[in-house]
Amino acid sequence: MKKGRIEIRTELCKACELCIEVCRHNGLRRSKTLNRIGYVPMEPNPDGNCNGCALCAIRCPEAAIEVWRDE
């Protein structure tokens, strides 16, 4: 099974949660801290099982997410 790695530019995230809605592998979660503009950004979920599909990055309206796939 392929593994993925999610990177989020938290200062761009506006906490819309669209990435969480589209992720089928529980790869993202809400952070416990605010970003500098007052939103609670998303963060990679260490308990998730990201496969690198990048649906979260495609869905993000702020282009705050990058996904890397390990072969």
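Arg5 is partly exposed, with a relative accessible area of 39%. By that word I mean between the two limits: buried is under 20% relative accessible area, exposed is over 50%, and partly exposed is in between, with a 1.4 Å probe and protein chains only. Glu7 is also partly exposed, at 34%. The side chains of Arg5 and Glu7 meet in a salt bridge, with N to O at 2.5 Å. A salt bridge here is a side-chain nitrogen of Lys or Arg within 4 Å of a carboxyl oxygen of Asp or Glu.

Before I go on, the basis. This is a predicted model, in which local features need pLDDT of at least 70 and side-chain atom pairs count only at pLDDT 80 or more, while totals for chains, interfaces and linings use all residues. Residues are numbered from 1 along each chain as its sequence is written, and side-chain values use heavy atoms, with hydrogens and water left out.

Helices (H or I, at least four residues) and strands (E, at least two) are DSSP runs, numbered from the N terminus. For strands to count as paired, DSSP has to find at least two bridges between them. Within this pairing, Ile6 stands opposite Val67 of strand 4.

Now the other salt bridges. Arg30 lies in strand 2, residues 28–30, and Glu17 in the loop between strand 1 (3–8) and helix 1 (18–22), so the pair ties together parts that are 13 residues apart in sequence. Arg30 is partly exposed at 37% relative accessibility, and Glu17 is partly exposed at 28%.

In the other, Glu43 is bridged to Arg29, with the closest N and O atoms 2.6 Å apart. This pair links distant parts of the chain: Glu43 is in strand 3, residues 42–44, and Arg29 in strand 2, 14 residues apart. Glu43 counts as partly exposed at 22%, as does Arg29 at 32%.

Next, backbone angles. Most residues other than glycine have a negative phi. Ala63 sits in the loop between helix 2 (55–59) and strand 4, and is partly exposed at 45%.

Then the cysteines. How many disulfides are there? The count is zero, where a disulfide is a pair of cysteine sulfur atoms within 2.5 Å. Cys19 is in no disulfide, and the nearest cysteine sulfur, that of Cys16, is 6.1 Å away. Cys19 counts as buried, at 6% relative accessibility. Cys23 is partly exposed at 22%.

Asn35 is found in the loop between strand 2 and strand 3. Is Asn35 buried or exposed? Asn35 is buried, with a relative accessible area of 7%. A polar atom of the Asn35 side chain lies 3.0 Å from the backbone oxygen of Cys13. The cut-off for a polar contact is a pair of N or O atoms within 3.5 Å; within protein, one must be able to donate a hydrogen and the other to accept it, and residues adjacent in sequence count only if both atoms are side-chain atoms. Leaving out residues up to four places away in sequence, Asn35 touches Thr10, Glu11, Cys13 and Pro41, where contact means heavy atoms within 4.5 Å.

Last, Glu21. This residue is found in helix 1 and is exposed, with a relative accessible area of 62%. Glu21 and Arg36 are 15 residues apart along the chain, and their C-alpha atoms are separated by 24 Å.
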